[in-house]
Structure formats: C-alpha cells, structure tokens
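This briefing is meant to be read beside the sequence and the coordinates. It goes from the whole chain to the ligand shell, then to helix packing and a few individual residues.

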Amino acid sequence: MIALANADGVVLDTISDQSFADSSAGRSIIPGSVWSECERGTNALGLAARERQPIAIYGREHYFRCHGHLSCMAAPILDSNGKILGLLDASCANEARQQHTHALVRMAAAQIENGLIFSEWAGSFIFAFHPRAEYLDTLSAGLVAVSRDGAVTSINRPGMLLLAGLRTEQGVHFDDLFETSFGVAMDGLWSGSAIRIRDRAGSAVFMVCRQIGQRLEAQPIAMSVPSRPIFVADPAKPDFVCEDWTLKRAVAEMADAAALRMPVHIHGETGTGKELVARHLHRLSKRKGEFVAVNCGAIPEPLFIAEIFGHERGAYTNARDNGAPGLARAADGGTLFLDEVADIPLPAQTVLLRFLDSMEIRAVGGQKTHNIDVQIVSATNHNLHEMVKERMFRADLLYRLNALTINIPPLGARSDFALIVQHLMQKLAPETAITDAAIARLAQRSWPGNIRELNSTLQRALIRGHMNHLDEESFNDEPVQGVADCCNACRNQALSRRRCAEIRSVYRSTGCNVSETARTLNLSRTTVYKHVL
Ligand SMILES: Nc1ncnc2c1ncn2[C@@H]1O[C@H](COP(=O)(O)OP(=O)(O)OP(=O)(O)O)[C@@H](O)[C@H]1O
C-alpha cells in the first residue's frame, strides 16, 4: 500500500492491492487515520514527520503491538525552504518487507520534490548540476531555479548538499553561488549542452539547462499548440516522433529483429535520433538486462578491448585496482549499443567479430571465458560500405552487425517535420505556441545537426523571445547558412577564440560533420558541439 499523508501524519489517500487493503493491517491505514507519533507511538509516518527524514519501521519496532505485523517505510516531501509538505509511505505485511522498497519511497519523494520545483517555478530557468556529468539526469543532481535576472528562486535537497557551506536561501544571486557569472553561464547553457563551472567553494560541477523561464506576463494568443499529447504510454510504440513513412516502416521491422535477437545497424546523420531508436529496440525486445550504450569514438584505442570485454586486476598499467567486468558483461541479458561503431580501431574489430561469432568473452589478463546473451545494436553516421572499400572497416564485421539496417532520414527530408517541432516545443516550453509560418520557415533551412540542432535553435529563440509565442521573427537572428567565426562563449576570450574559429572552420570544411571534425582535431564530439551549435 502506498499512502500519502499531510505534514501531521493524517493519511489523505492510499493505493493498495486488494488483499492488503482487506487485511487488518490494511484497514488501519485509511484516509483520515492519524499516524502522528503522539497518537500512535513509534511508526514510520510519525517518525518521518518528526525527524524530517526517511524512516523504516519493521514489525515489532512499532510501539503498539497491534501494528507488529506491519512494515512501513515513509519519507517526507519538503519544499525548498525545508517545510514538510506531506509524507509518502509504503506499507506491507511484515513478512513481505523488502529493503529496496525503502529506497523506492525515498526516490519517489525526491521525484515529487523535483516535480514541484518545475511546476512552482515555471517562470524560472531550471539548471541541473552535479560534479559528474553522467549524474545530471539522476535524482542525485542538484536543481537550481533562477529567475531571468539571475536571482535564485529555489534549490532542491541534493542541490543544497552539493552547495553545502554556501548561502542558498531564496533571493541569493547565481553569481553568489558560482564563480562563472550568470550571463556567461547562460551563453553556454542556452546551447543545450553541459557546461563546466566552479561553485564559490571551488568545486567543479557540470551544469545543464532543464527548463527555460517563460515570460509569464504575456497573454496567450491563438496559435498552433498540439491539443493532445503526441505520445501515448505504450511500450510497443516509439516514445519519439515517428510519423515519417520510411522511418515508421523501418521501426516496425525492428520488432521482429528484436524477437530473433538479430544484430541491428542504425544509420543516420548526427542528431537524427539513432540512440532513441536503439533504446526503442531494447524496449521492444523486453529483455530484462540493461541497455548499455558505448560511445566507441570516445574510448582511447589502447583501452578499447579492456573497456568492452573487461580486464583482470593489474592487467595493464593504470588498470583499475580490482579489474573491471567490462561493458559487454554489464549488458548481459540486455542490449549492447555500439554507438559510432565506425570508430572502433581495426585490431579491436577482430576481437569484436570473434565475440559476435561465439558470444563468449574473456577479460584482458584473464583465463576464464563467459558466455553472455546480448542484443547487439550498432550505429554510425559513416558509410560503412565505403569504409570497407577503403579497408578501414572489416567487411566480415559489417555483415555480422547489419542483419537488419535501419536508415534514419535527415531532418530536412522528414515528412513529420512539423510534429517534431511541436514535440520539442512541448518539452522545452509547454505553454509557448509556435506559428505555422515559423514552422514553415524552419523547414526551409538546412539542418546539419538535425534534431539536436533544431532543439538548440528553438531554445535560443525561446530565450531571446519577448512574447509567449514564437513566430517567423523569432528566428531572424539565426544564421541562415553556416556559422560565424566563433561561438558566443568564446567571443570575449582571446585565448579560446582562435581555437574555436579553427573548430568551426574544420566543421564547415567537413560539410558540418561533427564526428569528422572531432576526429580531425582529436577532440571529443561534445567539445565540437559546444563550439559549433
Ligand atoms: N524522432 C524524434 N522525436 C523527438 N526527438 C528526437 C527524435 N529524434 C531525435 N530526437 C532528439 O534529438 C536529439 C539527438 O538524438 P540522438 O542522440 O538519439 O541522435 P543520434 O543520431 O544518436 O546523434 P549522434 O550521432 O550525434 O550520437 C535528442 O535530444 C533526441 O531526444
């Protein structure tokens, strides 16, 4: 049973399976029942309210013997001033208690707290931050809501912990918390990519913009906003826009491939949604294991085999102390997504081929082999057949990977362009409409960075916008073709300006190909993105 209670421990609502609801334990937790500590002695709801932290109370730990057959895990839901808004509780018969329920209740409470920040501060920018970039999408990330003039309106609990020692109350300025000023940070944040800045205590954090502040004072005007959600929650259906006829047909074929565990290769320009398609395939496969994405272009060549297939303790210089099982084993029972597969170094291609033939792996420096069961999905924006001709990619590996090939059309060629724009608008700024004329104008542009670039363009227009809708004028400042010589973040920094100009020049000379630019200049693709989009 899940119960929601107010700050005094009065149960407001419950959801329960029938047998528990009918049991004597279930009948004691009903809307209106009071679970404050002074009424019921030791119990999870009462103690969580009193201690202001998650609490689990098992069986006989309850003060009243009549509750001895209950196990309850409760967590308070706090607002950003630390006031308790309510309590969430999961209760079950004591014999059915599980440790991980406690973690789930805590996570659910944290999710509600984050959701409240988004709904309460729709007029603010909301930034996620964390010392590690891969945690930006998790509940450990700090969230800070900031008004359009840089005043902090709200910070979530993880954010307070990350900024411990600094003044975090409502009204402090972004510049009081971070060394990079609000204006300079915004230059980087509006592009949609993560920036790295230091807080005033000197710790480096990654930060990304999760919500663009609306201009709430403007009144809505009649405009084309999608009247119904674009997606319905059905795991068999893609959770991305897929109304383009060629893409729809290709995606439909994936269900059979997933059922037969056929290797699927996804081809498409950068930013067309290859990873989204790969994740959809994983959902379709209903495999219990993880979806493990490997950016093959980001792993240095000497480490590639060890990273994928694992290594034993001390297998090579700088190897992790206890060795590592490798990404292929992490994907056992699930899906291994080899992104940027064209970047796999030739020696590693041979090892990968052997693995695909046998589904057997042996860690570097190890003796034992392990059989694993993974769905292989690969992706690239390169023409692997051309690379085979140039002897840069093994033909036998290509034919092992591409039992089914999905070609994702570039954004400019998609018949569902308008739907994609509406979908991105709904995610970025659900209250903001966009005119059909503006969509038509966007459709005429070239989109070398595809949907990712379209997303950044909409973000920029929303930040610059003075109304609560976007029209043709909103895109007047957009460069129609190509890019200026340096990006906004580098414009005032003499040292990085030259480097930035070089990146942008190589980007143009490669026909706006991010991967190619990254390879030519020996940079990560993220760095290239930061400077060109
Ligand atoms: N059909 C779609 N509907 C909605 N959003 C999409 C769609 N396709 C892509 N996107 C969005 O575009 C961005 C890029 O998608 P994704 O990372 O999957 O592209 P990619 O082809 O794997 O890029 P790269 O080759 O650069 O790694 C993501 O933010 C994704 O959510």
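Buried residues account for 38% of the 533 residues in the chain, and the model from which this figure comes is a predicted one. The secondary structure comprises 22 helices and 19 strands. Among contacts between residues at least 6 apart in sequence, 61% join residues that are at least 24 apart.

**Ligand shell**

- The ligand is surrounded by 18 residues, of which the closest are F240, G273, K274, E275 and I451.
- Sorted by class, the shell around the ligand holds 6 nonpolar, 8 polar and 4 charged residues.
- Three helices, α10 (274-285), α16 (417-428) and α18 (450-464), each contribute at least two residues to the shell around the ligand.

**Helix packing: α16 with α18**

- Two packed helices are described by the angle between their axes and by the distance between those axes.
- For α16 and α18, the angle is about 55 degrees and the axes are 10 Å apart; because an angle counts as roughly perpendicular from 65 to 115 degrees and as roughly parallel under 35 degrees, α16 and α18 are oblique to each other.
- The crossing of α16 and α18 is right-handed, and the residues of this contact comprise 9 nonpolar and 2 polar ones, with no charged residue.
- On the α16 side the contact is made by I420, V421, L424, M425 and L428, which meet I451, L454, N455, L458, Q459 and L462 in α18; I451 is also one of the residues closest to the ligand.

**Helix packing: α9 with α10**

- The axes of α9 and α10 come within 9 Å and cross at roughly 45 degrees, which makes α9 oblique to α10.
- The crossing of α9 and α10 is right-handed, and by class their contact has 7 nonpolar and 2 polar residues but no charged residue.
- V251, M254, A255 and A258 in α9 meet V277, H280, L281, L284 and S285 in α10, and α10 is one of the helices that supply at least two residues of the shell around the ligand.

**Helix packing: α21 with α22**

- Helix α21 (residues 514-521) and helix α22 (residues 525-532) have axes that come within 9 Å and cross at roughly 115 degrees, so the two helices are roughly perpendicular to each other.
- α21 passes α22 in a right-handed crossing, and the contact has 4 nonpolar, 2 polar and 1 charged residues by class.
- In this contact V514, S515, T517 and A518 of α21 meet R525, V528 and Y529 of α22.

**Residues with a positive phi**

- Most residues other than glycine have a negative phi, which is the background for the next two entries.
- R261 has a phi near 55 degrees, a positive value in a residue other than glycine, and is placed in the loop between α9 (245-259) and β11 (264-267); with 16 other C-beta atoms within 10 Å, R261 is partly exposed.
- E340, although not a glycine, has a positive phi of about 55 degrees and sits in the loop between β13 (335-339) and α13 (346-358); E340 is buried, because 23 other C-beta atoms lie within 10 Å and the cut-off for a buried residue is 20 or more.

- A363 lies in the loop between β14 (360-362) and β15 (369-371) and counts as buried, with 23 C-beta neighbours inside 10 Å.
- A363 and R329 are 34 residues apart in sequence, while their C-alpha atoms are 9.9 Å apart in space.
- K248 is found in helix α9 and is partly exposed, since 13 other C-beta atoms lie within 10 Å, whereas a residue counts as exposed if that number is 12 or fewer.
- Leaving aside neighbours within four places in sequence, K248 is in contact with C242 and E243, and the C-alpha atoms of K248 and P238, which are 10 residues apart along the chain, are separated by 9.4 Å.

Technical notes
Residues numbered from 1 in each chain as written. Predicted model: local features only at pLDDT ≥ 70, side-chain atom pairs only at ≥ 80, totals over all residues. Near = placed C-beta within 6 Å. Helix = DSSP H or I, 4+ residues; strand = E, 2+ residues; numbered from the N terminus. Nonpolar A, V, L, I, M, F, W, Y, C, P; charged D, E, K, R; others polar. Axes fitted to C-alpha atoms, helices over the stretch in contact; angles between N-to-C directions. Parallel < 35°, antiparallel > 145°, perpendicular 65-115°, else oblique. Left-handed = near helix turned anticlockwise from the far one by under 90°. Contact = placed C-beta atoms within 7 Å.
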